[in-house]
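Here is a walk through one model, meant to be read with the viewer open. Take it a section at a time.

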2 protein chains.
Amino acid sequence: MLSALQQKRLSYKPSVPPLLNDLSAVSLEPDGPSNLPDKLCKIFVKTHDLHKHTIKKSRKVDGRKLIVGALFSGGQAPGGHNVLAGLFDGITQIHPHSRLIGFIDGAGGLIENKCKTLDAAAIDSVRNQGGFDLIGASRIKIETEEQFEAAEKTVREQRLDALVIIGGDDSNTNAAFLAEFFAAKGLSISVIGVPKTIDADLRSDEIEISFGFDSACKTYSEMIGNIERDALSSKKYYHFIKLMGRSASHIALECALATCPNLTLISEEKRGLAQIVKEIADLIEERKKLGKNYGVILLPEGLIEFIPEIKELITLLNQILAKETDTDAAVKQLGEEQKAVFFSLPEKIQQQLLSERDPHGNVQVAKIETELFLIELVGKELEQRNLKFNPVHHYFGYEGRACLPSNFDANYCYALGKFGALVAREKVTGVILAIQHVSRSLAEWELTAVPIVSLMDFEMRAGKEKPVIAKALVDLESPAYLRFAQKRGGWKLDDAYQMPGPMQFFGDAEITDSAPLTLK
Amino acid sequence: MLSALQQKRLSYKPSVPPLLNDLSAVSLEPDGPSNLPDKLCKIFVKTHDLHKHTIKKSRKVDGRKLIVGALFSGGQAPGGHNVLAGLFDGITQIHPHSRLIGFIDGAGGLIENKCKTLDAAAIDSVRNQGGFDLIGASRIKIETEEQFEAAEKTVREQRLDALVIIGGDDSNTNAAFLAEFFAAKGLSISVIGVPKTIDADLRSDEIEISFGFDSACKTYSEMIGNIERDALSSKKYYHFIKLMGRSASHIALECALATCPNLTLISEEKRGLAQIVKEIADLIEERKKLGKNYGVILLPEGLIEFIPEIKELITLLNQILAKETDTDAAVKQLGEEQKAVFFSLPEKIQQQLLSERDPHGNVQVAKIETELFLIELVGKELEQRNLKFNPVHHYFGYEGRACLPSNFDANYCYALGKFGALVAREKVTGVILAIQHVSRSLAEWELTAVPIVSLMDFEMRAGKEKPVIAKALVDLESPAYLRFAQKRGGWKLDDAYQMPGPMQFFGDAEITDSAPLTLK
């Protein structure tokens, strides 16, 4: 049952760039093919010379009936339902008899042809709502020949004109392979990717931001700001707050800009463990001199894998444990230096490094409790300085992945969906939908369909070189990072805490419609 | 620096019951003295026959200049700053030259006469803001003869007409003793208590709810609802969410009514450990049969001390460890039954029971990680049934103690403050401010100043019988609990999740002005 606020949000009308209002008055303009390296051309035989397309005004275009399938891949991001709503409104605007089909639980539904028609009632029930629960999601990928063929079978049976894959870097890589496979099979279907991930690590020149990031960060920032205000009143705790976001530190950076905590670690700075522990201990010592025995420290989830000596240790352990199942024996095979690093770590972390492994045998970095680990090491360092602190730890992640989408995400996702309908009508395949200048007025948003292959690089995966979309990390030259780097010194000792408060949906646009701070 | 939303909230004008609009047109009417037991009368020699007072219309009352001191005692609760704002607006309405003095960092400021004048600028900077940071707070209590005398000295030096103590059960008990002490010293000062605590365990016939509970629960419920929606989409995790609230389960009950999770444990049901573990494991097993490998379970912080066999173990350990410092030896002194219970607990909990002790040697129940403990025991139980689950744990507390107050708390606190000004003018002492029917329209709110002594019972504290305000636990006969008890069966297998979303401050009153569900 929907809450009163959810009910209200059902009737929110997302704002879209003016060009998307009437799809019969626009078309796509090709922009010249991507110049791909030979290595990629050999893999994407049919789809290496796809064009980038931008939206433009046109004479009235007669629409035809479209059947479009859509699926969610990977973790939730607020706004996903609005992509479906935009798609639905777009294709039914193009032709009233168009049909939207949702595949159940991600790519699994595509493989097994488990789907349901998303009619007006279904779409209306999830407008501006969080979660992916209308059709579910999964991390299943289409990898084997059989899976590709099963997907083809589904696509043929459903007579799809387009397949929209709403996902992150891996899912969009997968979308490119599907586009190539279908093209090779002579299928006239558009495979269209939509950039989804709260982690914001799917970026390119054209993709400013993935959807969900804004809402998730606003939710985390609400909590962080509340904790800051609490620290300021009770004056006795150091709050170590770990934030979701896998490898990249975009979420930590955005939340730092929104809340101005005393310290924020950015994984991409690749600092050594001793340096990190010293910085935190120094902060606590300096604040103590000012009579301040409290503070707030943000940690990105991926921190540990960027600490050079631990990264080396993890890489080596991954190699050894691929062959050696006895963990004690594995540790003995480490070099002297790595052994020293390993045994300098708290016992619990040693255990986690050995036991928390994914099916490929790799350490599951997200499961390592970095916040506890740092608290322990900082505590030891402080003990040597005859100092004490009261640490409290938090981990925010699941709280923000399925929240009600902010107006920004609601608008952005709806625009992506409606744009997707246009791309489907125009039979463009192998592209990911991109909107630029999203922090400016709607009239300035630039909509582009970008060939996914143009975003690809080669990476080693499971011992083989594979074309993938590389995760976009925090760029230490970016304006957002530089702004943060310039300000953070002042946040250490002064308490410049900002408390953004809960996301607001009604009232002044200044408060309800703000875009992510890292985009400004 | 204030965020855009905080800025906006500065200008929110709280709504108060009509009688509070013009304090010159109202006075207090005594309602007959409390009938206290002899034992209390002997302790409260000067103040045992205080009257309950209710507000009534009167002919125009000429105000005189008042000097009022205020302090925050204990943990934060959203709305505290509005009590100060109401007090300030009240006493300056009574006489423009009245002065509000804030004692710094709680009772410590009173003892050491550390204070600051809270002028219009200071008050205007915190209207409708969370936290207690304008003057800080602490858990310091006035206990020794010297402390009472120091407080008297401050009160005389500052020429206070009234001292307002904003705090929970212990702080209001303390207020009653101060009122008695000042009266015995012939000081004409009103000591006035204000019921503050997010835990909502300070209740009586007249005190429906303590302030802060509403905002804190709305913040926790936002997070719980978000996690529920996440669970519904990703379909693979069991979220164990522990909620702050010390002994009583009011917060868990309120959040359960707001979010309808699959299971909510209520400490006051006093169920055995095996029964609790079985219920959770049964839930997981039954849901698995429906293909549902996910769920959300709420746990009150105080759960563990209500589990009969653990309560007995803790009581015994407290007694033994008061004399025996060697923990191994202490365990050996346990009876056979308690030993069996002790060793049935996960090792980490065994350690916490022995090591996490307060200065009186008592187990600090709040520090015991009940959520991890239950996850471990449920995991073992499931293993025996050849079942698995993916648990995730959360603990929400600090996120909600200092958040922006909801409109409900902003209004309620402002009314309490303004009522406090009236009570100060009327020279009534030893009372706690109470408002009834707060979930109805403002015109129906009933304002009463209740003698604190009338709330007191005797309890054993540190081996001595002492008069205290007993913590109000969840009443298993209350309408709120019965409503919960009636509905919870349906929440187990069906996912009736409710997602209240972030607190809203603008727009429809239905959404912005709702009162706690447990009051309805």
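What follows goes from the chain pair down to single residues.

## Ground rules

This is a predicted model, in which local features need pLDDT of at least 70 and side-chain atom pairs count only at pLDDT 80 or more, while totals for chains, interfaces and linings use all residues. Residues are numbered from 1 along each chain as its sequence is written, and chains are lettered from A and ligands numbered from 1 in the order in which they are written.

Helix and strand labels come from DSSP runs, numbered from the N terminus: helices are H or I with at least four residues, strands are E with at least two.

## How the two chains sit together

Where do the chains touch? On each side, 47 residues of one chain are in contact with 47 residues of the other (contact: C-beta atoms, placed from the backbone, within 7 Å). On the chain A side, the elements giving two or more residues are α1 (4-10), α8 (213-234), α17 (398-401) and α20 (509-512). The top contributor there is α8(A), with 10 residues. Sorted by class, that side has 21 nonpolar, 17 polar and 9 charged residues. The classes work like this: Ala, Val, Leu, Ile, Met, Phe, Trp, Tyr, Cys and Pro are nonpolar, Asp, Glu, Lys and Arg are charged, and the others, Gly among them, are polar.

## The four-stranded sheets

In chain A, 4 strands make an open sheet in the order β10-β11-β9-β12, with parallel pairing. The edges are β10 (263-264) and β12 (391-396) of chain A, each with a single partner strand, so one side of each has no neighbour in the sheet. Strands count as paired if DSSP finds at least two bridges between them. Helix α10 (residues 273-289) of chain A lies across β9, β10 and β11 of chain A, at about 170° to β11(A).

Chain B has an open sheet of 4 strands too, in the order β10-β11-β9-β12 and with parallel pairing. Here β10(B) is joined to β11 (residues 295-300) of chain B by 2 bridges, and B:Thr264 has B:Leu298 as its bridge partner in β11(B).

## A helix crossing in chain B

Helix α12 (residues 308-323) and helix α14 (residues 336-344) of chain B pack at about 105°, with axes 10 Å apart. Axes are lines fitted to C-alpha atoms, for helices over the stretch in contact, and angles run from 0 to 180 degrees between N-to-C directions. The two helices, α12(B) and α14(B), are therefore roughly perpendicular (65 to 115 degrees; under 35 is roughly parallel, over 145 roughly antiparallel, the rest oblique).

From α12(B), B:Glu309, B:Ile310, B:Glu312, B:Leu313 and B:Leu316 meet B:Gln338, B:Val341 and B:Phe342 of α14(B). The residues of this contact divide into 5 nonpolar, 1 polar and 2 charged.

Most residues other than glycine have a negative phi. A:Asn113 has a positive phi of about 55° and sits in the loop between α4 (107-111) and β5 (115-117) of chain A. With 17 other C-beta atoms within 10 Å, A:Asn113 is partly exposed (buried is 20 or more other C-beta atoms within 10 Å, exposed 12 or fewer, partly exposed in between, with C-beta atoms placed from the backbone). B:Cys260 also has a positive phi, near 50°, in the loop between α9 (250-259) and β10 (263-264) of chain B. B:Cys260 is buried, with 25 C-beta neighbours inside 10 Å.

B:Val378, in helix α16 (residues 370-384) of chain B, is buried, with 24 C-beta neighbours inside 10 Å. Apart from neighbours within four places in sequence, B:Val378 is in contact with B:Val277, B:Ile280 and B:Ala281.

Terms used:
Two residues are in contact if their C-beta atoms, placed from the backbone, lie within 7 Å.
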